[in-house]
Amino acid sequence: MLRQFIFSLTILLVAITAKAGDVKLELGTKKFTVAENGTVSIADDENGTLLNISLAFYAPGWVKCSQASAADVKADKKGKNKYTFKGTMETKSSGSSTFAQRVAKEDGKLTVEFELVGGKSFTLEKQQHPFVDIALFKKYFADKEIGLSGHVFKMPVNNKHAWGANLSFPSCKLNILNDPIRGYSIWKGSYKDEYDHVRIVLNQSEKDKWKLSLTVEEKECKATDKVEGKEAVSYQAEFNKYDKEKIEAYSRVLNYPMIEGADAAYPRKLLADVMNNGSRSNLDSVEDWLGAYSTFINLSDRYNHLSIYDTQKKKSVIDDLSSKYAASVILLNKGDLDAFYKLSAELLDAISTAFAKAKTETGSSPYPGTCINTTGWLKRFEYAGFKKNPAKCFVSIPSPWSVTFSNGDSLTLLKQEIPENEFSTRDDFALKSSWVTNQWIGSGKYTFSVLSPLIGIEGVPELYIRSDDFDFSSVKLAVSETDLTALGIDKVLGAMQTSWLLIPSKDSGYLLVIFGNKPREADAGKNYISFKGIAGSFARLMKLPAIDNQAELIGECRFWASVALAMPVQVIESRKDNTITYEYVHEEKESEWGDTARKIAPIPSLALCAGIEIQDSKKTHISTGFGSYEYTEGERLSFNSLNPKLHVWRGINVKVTDGEEKLTKFKDMGATWVRVFVGNKWKDHEEGYRVIEEFITLAQKVGLKVLLDPHDFVYSVDKWVPEVPDEPEKIQSYIDMWGRLSQISMKYPGVVVGYDIYNELKVKTSKAGWDSWSGLANKVITEIRKHDAKTPIYMTGICMANPEGFTFAQPIAQDAVYSFHYYLPHSFTHQKIDHKSSRAPFAFYPGWLPGYDWGKTHYGPGRMDWWDRWSIGAGMWPVFQFAAQNKVRMHCGEVAPIGYCKEKASKSAAYWTQDSIDWLERYQFDWNLWNQGFGLNIPEVVPVVEKAWKR
C-alpha cells in the first residue's frame, strides 16, 4: 500500500467506501464496514452511510494526521468476527508512530479498541492528545439531536464540549460507550465537507502511549442518557493542562472584589457549569466576560473622575450620563456583551468630550495626570497600609483584611480569618478606585488614600482590630493636657476625655484610633481589640512613629484628630504656564467631642523628592520614606513646576536588518526616531559594523533619527551577577566597540541622536551593583567622547532595565539620559510567553493580576495585586524618584504588551499601552515601543501608538 500524507480536512472527510479487502459485519439493522486501514463505517439500508470512526492526531503546525492516511497497515483475522490492524501514522512535523486496533463483534455489540504509540522523535501539537474522530454525515444528522453523556445538542453545532462515558444517537438507535471516561467535543465541518465531527480524546496510559475502547450498540436511546455509575467523575480533574490552569486562574480573579456596580455572578455560573457539567465552551464565555469587565473598569475610572470634578466644580455634566452608565453595568452583569460594548463606547466618547470642554472652560481636565508635571502624586500607600514588596516597585493595595505598614506592622479590620493569598469570601465588598484613593464598600466603608496616613472607617457597628504587632493589654489615652496614662481595656471607656486612643506597637510606635463618638463597649484579647456602638458615626486610625517628647506626641494626636474631621480623599490637578495647582476634596464629619475640623492641602511626594520649597509648608512626625509628611493649611496648593516643555522623541524598536518599507511605514505613522538593536548574530564583527552603517544611511534617507542599541553585539552579561563582570579582555572589547560605533555615527551628523550603551544588564539591584555599572559606563562614555562630543548617552539601569534598577542609582559624572524598560506587571505584558500557546489562561488589564511565576505560569501563586492606570504610575516609582531628586532626563527604551494578548485581551493591551504611554508623556520621557512579537502585533494597540506618535 502506498504511503500517503493527508493534510487537507476536505480529503480526510471523504466517505469510506467498501473495497475488496474490507471487512463487513452486521448488527441488527446496521451494517459495519471496516476498511483495510481499520477505519469503521456505519450505515443502514434506509439512509446509507451514517458515520465513520477513525483514529487521528494533530502534528506540530496543526497538521491533521488521520488513520485514513496510515501506511503499511497489516490486518489479521483472530477468530470469528475478530480482527486486528497495525500500521504507521506520521507527518513530516510529527515523526513516526505506530497504531494498533482491535475490532470484534461480540454479544450483539461491536468493540473497537485503539492504541497509538509514539516513536523516538514523535511530537504532537502542544498540549494536544490523539483522538477518535466520529464523522457524522451532515445530510442525515441535520436538525437531529445527539447526546454527549446527557448533554443534548441539536446538529449542527460547533465548538461544544462535554465529559462522560457515552454518545447517543436517538434518531438512528445507536449508542457508543467509551472506556475510560473521556472528554468530547463537537466541530462543524466546512461548507464543502459532507461531515461534522465528534471527537473523543484518547487516554494517555503512559509516556507516548494512548488508548481508548469504544463499544457500539444498536438500541433505543435518548439524547439525555447517561451511564449510571460512570458519570460522577470530576470533570475538572480530567481537563487538559491549560483548561485546568484557566479554571484555577479565572476562579481566583472572580473571587476578588469587583469594581463597584459589577457583579461576578454570571461568569461564576458559567465557570461552575464548566467544572460540574463539562461545558468546555463556557471557558470562552468566561474569558469574553473578563475582557468586557476590563473595559468596564476603564470606563468606571473615567466616569468616577468626571463625577469628582463635577462635585468639586459644582457642575452637572455627570447627570446626563448617569442613566447610561447604570445601563452599561446591567448589560455587563447579565452577559449581554455586544450591547455593553456598544453603550460603553458611546459613554467613553461622551466622557472624552466632557473632559475637553472642562479643560477649555477651567484650564484643568477632570481626568488627572493629563498635564506635564514631574512633581505630582503617585498612588503609593507607604504610610496607609501599603504592602511593601522586596522589589520596591511592585504595587499592592491595602484592604480592610490586609493592612501592612512600611515598617512591617500589620493588622486586619475584619473578624474573619482570611489567608494572605486569598480574597475568597470577600465578594461582599466592592472596590471604588480613583487616582489617589481606594474605597472598600461592603459591611461599612473603608477608605485608604495616598493623601494622608489616615484610614477612614464608617458605617460599621464594631471597630475590630486584630494584630500581633500591637499591645492590646494596655491602652494609652490622654486624661489631661499633659499626661498619658496606661489603662486596661475595662477602664478605657469610662476614662475617655478625648476622641482618640493610643495603642503601643512592638517598634515603640503607636496605633492612633480616632472616634466620631464615644464607643458604648470595648473588649480586648491577646491579639485583638474591639469597640462597639459606632455604627452611626465614624472612626479613623493610623500608624504613629515613636515620639519621645510627650507634649509632641499629644500635639500630633490632636492634629490628626482635627484632620480626621476633614480627611482629604480626592484632588484635582491643573497646570497653567509653570504653576501646578491642586484643589483637594475633603470628607467632612462632625464629632460629639467638640473638636474643630482642620482642612489641609498635603504636598505631593515627588514635590518633596524634588526639593521644591513651598511657602507656609508644615511638617508632621509621619515619614514618607524620603522626608516628613508635609502640608499647607487650606484646600488649595500651588507651586512652580521645575519642568519646562521639552522636545520628546517618540518611536519604536527595529532590527538592524529591517528594510526601507518598514521604516517608511513607521515614519508615515508619526514615529520620529527608532531604537535599532543589533544583536549577536554576526561572529564576524566587521560584517556587523557594515550592516549598522547601512542602516544609518537608510534611516537618514527615510527621515528617522536613530538611537543605537547594540543589545548584545560584541559584549553581553548573560547570567545574573551582583556586579558587572570584570573580565579585562571582554570589557576592553566592549569599550572599543563603542569607540567604533561613535566613529561610524559621526559620518552622518544629526542622524544618530543617542547611544544606548547597554540593553538589559542582569546585575542585581544594590548600591554595589549600580556603582559597578556606572564605573564601566564612565569608561565607555570617555571612549565615545574621544570621537563624538555631543550626542547624548542613554544609560540603562541595572536589574534587566526594570524600574527597580534605579533604587540605588546615582548620576554618573558625565551628563546622560537615563533609560529603563517598562513591562509591569509581567503577568500581563508577558502572558503565555512561557507556554507559547493561546490555550494558556489570559490575563486582563485593568484588574486583579498575579505576580509572574517565571518559567512556570504567568498566573503565579499568592496574593494578586490591583493594576490600573494609577498603579502603572506607582510601578514606575523608582524612576520618577530618581528623576525628581536629580533633575535628569529619562527614556523608556521598551514598553509594550505581548502579541498573545490579541485573541481575547486585545482591548486590555490597548488600555495598558495607553496608560503606560500617558505616564511617559506626563513626565516628558523619550520612548520606544517594543515590537518583536509585541506592540503593533496587536490590532487595537496600533491606533493608540499612532495617535501618541502624532502628538
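Which residues touch the most other members of the largest nonpolar core? Keep in mind that you're looking at a predicted model. The core in question has 233 residues, and the ones that touch the most other members are W560, I757 and W773. Helix 5, which runs over residues 281–313, gives this core its largest share, 11 residues. There's also another core lying apart from it, with 55 residues, including V34, F85, I134 and F137. As a bit of background, nonpolar side chains in soluble globular proteins tend to be buried together.

Let's zoom in on I757. Leaving out residues up to four places away in sequence, I757 touches Y734, W738, W773, A777, V780, I784, I793, Y794 and M795.

Now for the open space. The largest pocket has a volume of about 1400 Å³. Its lining is made of 45 residues, and R302, Q914, D918, K947 and R951 are the ones nearest its centre. Sort that lining by class and you get 18 charged, 15 nonpolar and 12 polar residues. Helix 7 (337–362) provides the largest share of the lining, 9 residues. At least two lining residues each come from helix 5, helix 7, strand 33 (566–576), helix 18 (906–922) and helix 19 (942–949).

Which of its residues are buried? They are V944, V945, A948 and W949. Looking down the axis of helix 19, you'd find these buried residues within an arc of 130 degrees, so they line one face of the helix. And what covers them? The cover includes strand 39 (650–655), helix 11 (660–669), helix 18 and strand 48 (926–929).

Conventions
Residues are numbered from 1 along each chain as its sequence is written. This is a predicted model: local features need pLDDT of at least 70, side-chain atom pairs count only at pLDDT 80 or more; totals for chains, interfaces and linings use all residues. Side-chain values use heavy atoms; hydrogens and water are left out. A nonpolar core is a set of buried Ala, Val, Leu, Ile, Met, Phe, Trp, Tyr and Cys residues joined through side-chain atoms within 4.5 Å. Buried means under 20% relative accessible area, exposed over 50%, partly exposed in between (1.4 Å probe, protein chains only). Helices (H or I, at least four residues) and strands (E, at least two) are DSSP runs, numbered from the N terminus. Contact means heavy atoms within 4.5 Å. On a 1 Å grid over the protein atoms alone, a cavity is a set of points where a 1.4 Å probe fits but cannot get out, and a pocket is an open set with protein on both sides within 12 Å along at least five of seven lines; lining residues have an atom within 4 Å of a point. Grid points are joined across faces, edges and corners, and a volume is the space filled by probe spheres set on the points. Ala, Val, Leu, Ile, Met, Phe, Trp, Tyr, Cys and Pro count as nonpolar, Asp, Glu, Lys and Arg as charged, and the others, Gly among them, as polar. The arc is that of the directions from the helix axis to the C-beta atoms.
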